[in-house]
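Subject: Structure for you to look at

Hello,

Please find the structure below. My notes come after it.

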Amino acid sequence: MAGSLSAAEVAHFEEHGYLFPKRAIDAGEAERRRLLLEHYETVLGVEPQTYLKIKAHVAAPWIVDLARNEAILDAVESLIGEDILLFGTSLFSKKGNDPRFVSWHQDSAYYGLDPHEEVTAWVALTPATRKNGCMRVMPGSHRGPDFDHDETYDPQNLLARGQTIRGLEDERAVYMELEAGEFSLHHERTAHGSLANETDGPRVGVAYFYMPAHCRSTIGRRTALLMRGEDRYGHWDADPLPREDLDPDCMAFLKQMWARYQDTAVAQEARRTG
C-alpha cells in the first residue's frame with residue numbers, strides 16, 4: 001500500500017488506534033484559516049460550529065481544499081488505501097476559559113458505516129495542549145467491544161447527543177498535543193474526547209472523516225466526496241461543492257444533514273447490533 005507513513009507508524013496505528021503529530025500546513029496558514037472562522041461568527045451571528053458539523057466541508061471552498069491536503073491524504077492512504085472518500089467534516093472550537101468538553105465516545109457508534117474502517121484526521125488551527133483541551137484517546141480501545149453510550153444531551157458537551165461512555169480509566173488516556181497546522185489520526189472505533197479549555201486563548205480544530213470507497217452506509221443512502229483515487233462501488237451520492245464561503249444552498253444542505261445526525265431515530269451501533 002502506498003502512502004507516507006512508515007511501517008512502524010502504520011503498526012502503531014493498528015495496535016493503538018491513533019497516531020500524532022504529523023504536519024499538514026504551516027502555522028501562518030492555520031492562523032489565516034482560524035481568522036476566516038472568526039469572520040464567519042460575525043456573519044452568522046453564532047459560533048460557526050453551531051452549523052459546521054458532519055458536513056462542514058460544504059460550507060466553504062477552503063475547507064474542501066484542506067481536506068485535499070496532500071500530507072493528510074498521503075498519511076490516510078497508508079492506512080485505508082488509495083481510493084478515499086470524505087464522509088464528513090466537523091469544526092471543534094473552544095473559546096478561552098471555555099467549560100465545554102467532548103465526552104468519551106466512539107465515532108463508530110453513530111456514523112453508520114460498514115466496515116468500520118473510517119480514519120479521522122484532526123487538524124489543529126491553533127495549538128492544542130493538555131491545558132486548553134486537546135483531544136485525548138484511549139489506546140487500543142478500537143480493538144475491543146463496541147461501547148454503549150449514554151445520551152446525556154449535556155449543554156456543555158460539544159457532541160450532538162452528549163453521547164458518553166461510562167467507566168473508562170482516565171489515567172490511561174493519551175493526550176494528543178499538536179502545534180498549529182499539525183494533525184492527528186485516529187480510528188473510528190478508538191474511544192476519544194477532550195476536556196475544557198483552561199487557558200485564555202481559543203482552541204480550534206477541524207476534523208476530517210475519511211473512509212475507503214468500499215464502505216457502505218448502514219442507515220440509508222447518503223453522500224460523500226471523492227478525495228483521491230476512484231470510486232468503483234457507487235455506494236454514495238456526491239456532496240454538493242460550495243461556490244463561495246457560506247454558500248446558501250450548501251448551508252441549507254449542511255443544516256439538513258446535522259438535523260439527521262441528531263435524530264434520535266438513528267440508533268447507536270452497540271444497541272442496534274447487541
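The notes cover the salt bridges and then one glutamate.

This is a predicted model, in which local features need pLDDT of at least 70 and side-chain atom pairs count only at pLDDT 80 or more, while totals for chains, interfaces and linings use all residues. Residues are numbered from 1 along each chain as its sequence is written, and side-chain values use heavy atoms, with hydrogens and water left out.

The structure holds 22 salt bridges (a side-chain nitrogen of Lys or Arg within 4 Å of a carboxyl oxygen of Asp or Glu). In one of them, D239 pairs with K55 at 3.2 Å, N to O. D239 lies in the loop between β15 and α6, and K55 in the loop between α2 and α3, so the pair ties together parts 184 residues apart in sequence. (Helices, H or I of at least four residues, and strands, E of at least two, are DSSP runs numbered from the N terminus.) Both D239 and K55 are buried (under 20% relative accessible area; exposed is over 50%, partly exposed in between, with a 1.4 Å probe and protein chains only).

R228 and E77 also form a salt bridge, with the closest N and O atoms 2.7 Å apart. R228 is in strand β14 and E77 in helix α4, so this pair ties together parts 151 residues apart in sequence. R228 is buried at 16%, and E77 is buried at 8%.

E182 sits in strand β10 and is buried, with a relative accessible area of 14%. A polar atom of the E182 side chain lies 2.8 Å from the backbone nitrogen of E179.

Regards

Notes. Polar contact = N/O pair within 3.5 Å; in protein donor to acceptor, adjacent residues only side chain to side chain.
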